[in-house]
Amino acid sequence: MLRFLRSAMTSLTTPPRVPIPANGVDYRGKVVLAPMVRSGELPSRLTALKYGADLVWGPETIDRAIAGAARRVNPRNGCIEYTRLPSNGGRTDAALQASVIYRLDPVREKGKLIFQIGTASPELAVQAAKVVAGDVAGIDVNSGCPKPFSTSGGMGAALLRTPDKLVSILEALVNEVGNPYQIGISVKIRILEKPELTEALVSRLVKTGITGLTVHCRTTPMRPRERAIRDQLRMVRSICHDAGVACLMNGDVTSRDQALALMEEFGVDGAMIATSAETNPSCFQSKADGGLLPFRDVVHAYLKLCIESENRFGNTKYLLNMMIPGKNKEFRDAKSSKNYADFCHILRFDDLMPAALQLDEILNLSGKSAYYEDIRNKAVQHAIEHNETARAAGGASRPKSMSPTTSGVGPIRTSSIPAPSKSKLEEKEANLDITETASQSSQKQEVAA
Ligand SMILES: Cc1cc2nc3c(=O)[nH]c(=O)nc-3n(C[C@H](O)[C@H](O)[C@H](O)COP(=O)(O)O)c2cc1C
């Protein structure tokens with residue numbers, strides 16, 4: 001009797017909590033990277049995680065793009081890549097190469113990656129989500145994108161005006177993907193012009209079985225530069241909490257420390273950062289841990305992760321241009337770079353040069369260098385200095401495995417640019433599918449949303 005009374009009292013005082021599925025993740029207490037088309041590709045997410053983001057959202061991917069995609073593991077770096085062949089009108093052209101639609105790191109993103117889907121159909125949403133469900137911790141539905149390509153198809157912010165459809169999408173995902181795969185389903189919305197409208201919408205969404213809801217505190221017509229409106233935040237939070245759903249806030253959150261303060265102030269469970277993380281992902285690092293770092297440190301970390309994950313060069317260049325301050329001389333020079341080696345040369349990241357040169361070869365970018373002569377001369381100079389030092393120290397001459405003739409995969413590889421050991425190199429070459437490497441195909445990757 002006493003036990004019954006105690007449990008009845010507890011259930012009266014403790015707010016309910018939607019259970020978090022076994023392979024899912026609780027959004028509570030988290031400062032997270034926002035979904036960002038173009039700016040949320042794998043290396044951006046890995047950089048955010050490196051600096052302390054608790055969870056990362058991938059860029060919105062349209063249901064039709066991922067439904068039917070093939071899954072493969074890149075043998076060089078272990079990343080999982082979802083690929084599609086471009087439509088070819090029925091031709092069986094051997095030269096056709098698969099495009100990478102989505103790329104993730106199953107180790108470093110384990111339990112931390114939320115896949116965001118752009119959809120206007122429960123059936124397609126389920127079909128698409130099933131493709132990635134085994135590799136991610138959650139599926140989020142984009143219900144806030146104001147761009148015409150999204151809204152004209154009934155997706156994104158258009159769903160705010162068709163709540164029946166949005167509810168049916170979320171319910172289908174919860175029942176047919178969330179439950180069987182044991183991952184969470186969530187939604188990201190914007191506020192509506194009137195609090196009553198937002199209230200009515202959120203009250204329906206929290207009953208669908210979702211585990212989390214992010215509210216971008218801007219209305220659909222608001223421009224990104226307009227200040228976020230936080231008047232409705234407490235109301236949205238209360239509705240979420242009454243239903244046991246985690247509530248994340250988004251809009252003008254600029255750092256981990258500010259996020260934690262805002263979470264406290266508004267009583268929300270977590271905060272999501274977009275544009276501040278785009279320009280400097282070290283914003284996820286609290287002041288106590290070093291705070292915002294100089295751009296060179298962050299760019300070095302980002303470039304290293306781009307090379308490791310074989311990121312499409314155009315995407316890397318786009319993000320680097322966002323991260324390097326406009327008035328900086330390196331910014332102007334970086335703009336003319338044509339491949340990864342150029343970047344390492346311009347930014348004087350000599351430690352990244354060997355891997356950059358290798359990746360340029362894999363991506364067929366080697367011949368495009370805007371600084372070929374400079375890079376080659378520097379490499380030769382290093383080689384000479386290295387040999388002289390070695391000789392002066394009575395050391396051995398260049399090891400065979402570092403010889404340009406034995407490496408044989410690059411036009412300017414010298415001993416100053418250490419190649420992998422011969423056996424490792426042979427291993428890598430054996431793994432290369434020359435006609436359809438992930439990296440070559442990733443060059444053709446299109447922004448999916
Ligand atoms: C480059 C860029 C791409 C974006 N792509 C998406 C997206 O794919 N899905 C989405 O829900 N929101 C997207 N957004 C919106 C952000 O997730 C976020 O809601 C918005 O930028 C407000 O956060 P902020 O004030 O921290 O920038 C994007 C924003 C930017 C700047």
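## Burial and overall make-up

A residue is called buried here if 20 or more other C-beta atoms lie within 10 Å of its own, exposed if 12 or fewer do, and partly exposed in between, with the C-beta atoms placed from the backbone. By that criterion, 46% of the 449 residues of the chain count as buried. The structure is a predicted model, in which local features need pLDDT of at least 70 and side-chain atom pairs count only at pLDDT 80 or more, while totals for chains, interfaces and linings use all residues. Residues are numbered from 1 along each chain as its sequence is written.

The chain holds 19 helices and 12 strands, where helices (H or I, at least four residues) and strands (E, at least two) are DSSP runs numbered from the N terminus. Two residues are taken to be in contact if their C-beta atoms, placed from the backbone, lie within 7 Å. Among the contacts in the chain with a separation of 6 or more, 68% come from residues 24 or more positions apart.

Strands are said to pair if DSSP finds at least two bridges between them. Strand E9 (residues 184–190) and E10 run parallel and are joined by 5 bridges, with Val 187 standing opposite Leu 213 in E10. E10 in turn pairs in the parallel sense with strand E11 (residues 246–250) over 5 bridges, and in E11 the bridge partner of Val 215 is Met 249. The chain crosses from E10 to E11 through helix H8 (residues 233–243) in a right-handed β-α-β crossover, and E9, helix H7 (residues 195–205) and E10 likewise make a right-handed β-α-β unit. Right-handed means that, with the strands pointing away from the viewer, the path from the first strand over the helix to the second runs clockwise.

E11 and E12 also run parallel, joined by 3 bridges, and Asn 250 stands opposite Met 272 in E12. Here the chain passes from E11 through helix H9 (residues 256–266) to E12, and this β-α-β crossover is right-handed. Strand E1 (residues 30–33) is joined to E12 by 4 bridges and runs parallel to it, with Leu 33 opposite Ile 273.

## Strands covered on both faces

In a regular strand the side chains alternate between the two faces of the sheet. Strand E10 (residues 212–216) is largely enclosed by the rest of the structure, because 5 of its 5 residues are buried; Gly 212, Thr 214 and His 216 point one way, and Leu 213 and Val 215 the other. Strand E12 (residues 270–273) is covered on both faces as well, with Gly 270 and Met 272 buried on one side and Ala 271 and Ile 273 buried on the other.

## An antiparallel sheet

The strands E4, E5 and E6 form an open sheet in the order E4-E5-E6, with antiparallel pairing. Its edge strands are E4 (70–73) and E6 (99–104), each of which pairs on one side only. E4 pairs with strand E5 (residues 80–84) over 4 bridges in the antiparallel sense, and the bridge partner of Ala 70 in E5 is Thr 83.

Helix H2 (residues 42–50) has 8 of its 9 residues buried, so it is largely enclosed by the rest of the structure. The buried residues of H2 are Leu 42, Pro 43, Ser 44, Arg 45, Leu 46, Thr 47, Ala 48 and Leu 49, and what covers them includes E1, strand E2 (55–57), E6, helix H10 (275–279), helix H11 (295–308) and helix H12 (313–323). Just after H2, Gly 52 takes a positive phi of about 115 degrees.

In helix H4 (residues 122–132), the buried residues are Ala 125, Val 126, Ala 128, Ala 129, Val 131 and Val 132. Their cover includes helix H3 (63–66), E5, strand E7 (113–118), strand E8 (138–143) and helix H6 (163–181).

## Asn 339 in its loop

Asn 339 lies in the loop between helix H13 (329–335) and helix H14 (340–346), and it is buried, with 27 other C-beta atoms within 10 Å. Not counting residues up to four places away in sequence, Asn 339 touches Phe 313, Asp 360, Leu 365, Ser 366, Lys 368 and Ser 369.

## Surroundings of the ligand

The ligand is surrounded by 24 residues, of which the closest are Ala 34, Met 36, Glu 60, Ala 274 and Thr 275; a residue counts as near if its C-beta atom, placed from the backbone, lies within 6 Å. This shell divides into 11 nonpolar, 9 polar and 4 charged residues, with Ala, Val, Leu, Ile, Met, Phe, Trp, Tyr, Cys and Pro counted as nonpolar, Asp, Glu, Lys and Arg as charged, and the others, Gly among them, as polar.
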